[in-house]
Amino acid sequence: MAGESLKGLREERGWSQTELAAWLNKSLGRKYDRAQISRWESGSERTPKAVVDAVETERRTDRPRHATVVMCGSAKGGVSKTTSALCIAYCLLAQGSKVLLIDCDSQGSATVHLGYSPTQMDQMEVERRTLYYALADDRPLADYIIQTPEPRLDLLPAFMSLADADVELALGKLAPLRQRIGEVRNQYDFIVLDTAPNLGAVTVSALEASDLLLVPCQTEALALVGLRNVLHSLENLRRRRNPGLRMLGILPTLFSARLTQDQATLEDLRRGYGDRYRIFDPIPRATVFAQAAASGVIPLAAVKNIPGRAVFEEIAAAARAAAKEMKAHVA
């Protein structure tokens, strides 16, 4: 984690390894060089505590930010959408970013995955501290955001009350998500949205608020039929509601290399959509994901060598690259 933090701070600031060494030398009065930075980042050499402390302090320092909003969306349930959102959020914060995860599903899947019990979620509802009330009430959005056990990862929880939001958003009785997100956008590097498995008004509002869209898709035949409909609907929504939205790509999930059908579906996915969208390598089916969810922990935080880690890191890197490109374009 120390190596990832070093690399994350460096990438966040746009520094080379030599520039990071120069910053550390100036801060700590030492004579580190690029080779040492490389060994610390790779984990081949233990990072000194003074360096870890300096990096963590620097990352906690308030500075101007402008969050890039990443939406994990699919109209189909059971495609590991919430797991994908959590793992991408974890990779982004591991690379040094400050991340807000917004649970946009009335089932509260992301909230549960982060270890909050139904009793705690009921209490949040009683105290009007979930997403529905953030859209309905006039208090600052920051009042609804809670810190998670993971450093630099905050959560805006959701639960059953959000089921009423689809109708009320359509009637203009609630604030659009884009408007509310705008209040805290300068406090985070990335905001990740985990949406419900439908294209209701809450999901559409999330789509309007997003900069990047990732579509998880299970590698089974029926999922491809659903994917075609989802992409068609999402493209229409993008044209009408948010032309600036970029497709980050399609993430094949629940893949078993031993199953001929999964291999055929993956090949169909690449052949059918690879010329228009980036198709990431598949996330293997593994019981550890369900075990982590049942334990209320982020899978990547619980198991270091978990299958698919490299793919989630690749997606996070793609999001960072896209964010950098968009900001450069605006500048």
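This is a predicted model: local features need pLDDT of at least 70, side-chain atom pairs count only at pLDDT 80 or more; totals for chains, interfaces and linings use all residues.

Visitor: What makes the radius of gyration of the protein chain agree with a compact globule?

Guide: The rule is 2.2 Å times the number of residues to the power 0.38. For 331 residues that puts a compact globule near 20 Å, and the protein chain has 20 Å, so the two agree. Along its principal axes, the C-alpha trace spans about 60 × 55 × 40 Å. As for secondary structure, you're looking at 16 helices and 7 strands.

Visitor: How many of the contacts join residues at least 24 apart?

Guide: Take the contacts between residues at least 6 apart in sequence: 76% of them join residues at least 24 apart. While we're on totals, the accessible surface comes to about 15000 Å², and 51% of that belongs to carbon and sulfur atoms. The 42 positive and 39 negative charges have mean positions 5 Å apart.

Visitor: What makes a group of residues a nonpolar core?

Guide: The members must be buried, come from the set Ala, Val, Leu, Ile, Met, Phe, Trp, Tyr and Cys, and be joined through side-chain atoms within 4.5 Å. The largest such core here has 47 residues, and Ile102, Leu131, Leu177, Ile191, Leu193, Leu227 and Ile250 touch the most other members. Helix α12, residues 221–241, gives the most to this core, with 7 residues. There's also a second, separate core of 44 residues, which includes Leu93, Leu155, Leu251 and Ala319. In soluble globular proteins, nonpolar side chains tend to be buried together.

Visitor: Which residues does Leu177 touch?

Guide: Not counting residues up to four places away in sequence, Leu177 touches Cys104, Leu131, Leu135, Leu193, Ser205, Ala206 and Ala209.

Visitor: Why is Asp103 called buried?

Guide: Asp103 has 0% relative accessibility, which is under the 20% limit, so Asp103 counts as buried. Asp103 sits in strand β2. Its contacts beyond four places in sequence include Thr111, Leu131, Leu156, Pro157, Ala158, Leu162 and Asp194. Thr82 is 21 residues from Asp103 in sequence, with 9.0 Å between the C-alpha atoms.

Visitor: What makes Ile306 buried?

Guide: Ile306 comes in at 3% relative accessibility, under the 20% cut-off, and therefore counts as buried. You'll find Ile306 in the loop between α15 (299–302) and α16 (309–330). Beyond four places in sequence, Ile306 touches Val288, Phe289, Pro299 and Leu300. From Ile306 to Phe289, 17 residues along the chain, the C-alpha separation is 8.6 Å.

Visitor: Why does Gly3 count as buried?

Guide: Its relative accessible area is 9%, and that's under 20%, so Gly3 is buried by the same rule. Gly3 belongs to helix α1 (residues 2–13), and, leaving aside neighbours within four places in sequence, Gly3 is in contact with Trp40 and Glu41.

Visitor: What makes Ser80 partly exposed?

Guide: Ser80 has a relative accessible area of 23%, between the 20% and 50% limits, so partly exposed is the label. The place of Ser80 is in the loop between β1 (68–72) and α5 (81–94). Ser80 also has a positive phi of about 70° although it is not a glycine. Most residues other than glycine have a negative phi.

Visitor: And how do you know that Arg128 is partly exposed?

Guide: At 37%, the relative accessible area of Arg128 also lies between 20% and 50%, so Arg128 is partly exposed. Arg128 lies in the loop between α7 (118–126) and α8 (131–136), and has a positive phi of about 55° without being a glycine.

Notes: Residues are numbered from 1 along each chain as its sequence is written. Side-chain values use heavy atoms; hydrogens and water are left out. Helices (H or I, at least four residues) and strands (E, at least two) are DSSP runs, numbered from the N terminus. Contact means heavy atoms within 4.5 Å. Accessible areas come from the Shrake-Rupley method with a 1.4 Å probe; for residues, only the protein chains shown count as cover. Lys and Arg count as positive and Asp and Glu as negative; His and the chain ends are not counted. The place of a charge is taken as NZ of Lys, CZ of Arg, CG of Asp or CD of Glu. Buried means under 20% relative accessible area, exposed over 50%, partly exposed in between (1.4 Å probe, protein chains only).
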